[in-house]
Amino acid sequence: MEADETRHERVDEEIERLDERLWSIARALHVDPEPANAEHEAVHALTGELAEAGFAVEHGVADLPTAFTARHGETRPCVALLLEYDAVPGLGHASGRNLVAAAGLGAALAARAVTGDERGSILVVGCPAAEPATGKAALAAAGVFDDVDAALVFHPGTHSWTWAPLTARTDVRVTVHGRAAHPTAVPRRGVDAVATLVQTFTAVAALQSRLPAGFHVQGIITRGGESTAVVPDLAEAWFGLSAPTTAALEKLVSDVTACAEGSALATGAKAETDRLGAGCANFRDNPVLSAHFARHLAARGIHATPPDPGVFPGSSDVGDVSLKVPTIHPFVAILDPGHAERTPEFAAAAASPRARSVLLAAAAALGRTTVDLLAHPALVSQAWDCFADQARAERTG
């Protein structure tokens, strides 16, 4: 078996050889952005490259039309490389998932070329619908990661961080039932559902003001009456809730529910609260693997640091994967701090010369980490031991 240094050099050489192909794919996805669950051209391009390299491709995984897996090898350890490729509605690739897809593809192709038919297997997982944070959760629930030993993905950002403090998230619908009446002739016979909902927003704002970092509630009114000539008997709002842990999110759901029920009690209305979808879990970083990736990224000239304390950049369905298998999700900057994702500026940056450099560096670091895991059973064991310690601490903490 080759020495580590030789394998790493070979991965780097493969990535350099793939440079034009990977950038061409990243650019093609950027020029033709496709929304969640409609990423057909992206899937066609990615799976075509994988099939040509000898991966066995399966489409429509977990009953998701644009999800796929591509496997080389059948034995353990199994390293999964996660590819994302959906765009932000109205903004194109303003989260840079064109780079996520191309980097994961490059890592898979390079690791396949370097490891050949040695021990272990590589599983490429095509993950649609990252923007509504549903694709990976569905794949995890369907058992795609049940025989995986490590899941690797990087994400472009405005910082280079070794891991991402991603929060748990869910959406909650509040429906208020009042009683219709004429607003001037017999106003006291009515119970204003919209007024109750507005009071709920006021209560939620008070709740929000005392929440610590990592907690957030954002609401929109989705139904607010049909005519000003009638006291509205029905109103509805959706609230997006996030919290540092899944347990803390459950408590936040209870608090928002109490805000709605208290407002309804005060006005004589009735409030109902229900979840919209499964939401996503908080991300559990695997320090063994993220430190390993960071060393390889530094070898390519990009030095990642731990995340800034108290900064929570958002949520992702990669959290659901991280609760099943040792997982990494580092950020690598394609724009300087002070900018933000989901903006036109970030979309433009995802097709910039800096993005191309980040793509190659991330692909090489992911590829190096993959071949290390396939070559060293001890590294796999260390990652799983860390995973077990974290799970145990969360249960007892």
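Select residues 97-115 to start: helix H3 has 19 residues and spans 27 Å from first C-alpha to last, close to the 27 Å expected at 1.5 Å a residue. (Helices are DSSP runs of H or I, at least four residues, and strands are E runs of at least two, numbered from the N terminus; the expected span is 1.5 Å times one less than the number of residues.) This is a predicted model: local features need pLDDT of at least 70, side-chain atom pairs count only at pLDDT 80 or more, and totals for chains, interfaces and linings use all residues. Residues are numbered from 1 along each chain as its sequence is written, and side-chain values use heavy atoms, with hydrogens and water left out.

Colour H3 by burial. Of its 19 residues, 17 are buried, so H3 is largely enclosed by the rest of the structure. (Buried means under 20% relative accessible area, exposed over 50%, partly exposed in between, with a 1.4 Å probe and protein chains only.) Step on to Gly116, which follows H3 with a positive phi near 60°.

Next, select 287-299. Helix H7 has 13 residues and reaches 18 Å between its end C-alphas, close to the 18 Å expected at 1.5 Å a residue. Show its buried side: Leu289, Ser290, His292, Phe293, Ala294, His296 and Leu297. These buried residues pack against several elements, among them helix H1 (4-31), helix H10 (353-375) and helix H11 (377-396). Contact means heavy atoms within 4.5 Å. Just after H7, Gly301 takes a positive phi of about 95°.

Finally, show H5 (193-209) with H6 (246-267). H5 passes H6 in a right-handed crossing. Their contact residues divide into nine nonpolar, five polar and one charged.

Note on methods
Axes fitted to C-alpha atoms, helices over the stretch in contact; angles between N-to-C directions. Left-handed = near helix turned anticlockwise from the far one by under 90°. Nonpolar A, V, L, I, M, F, W, Y, C, P; charged D, E, K, R; others polar.
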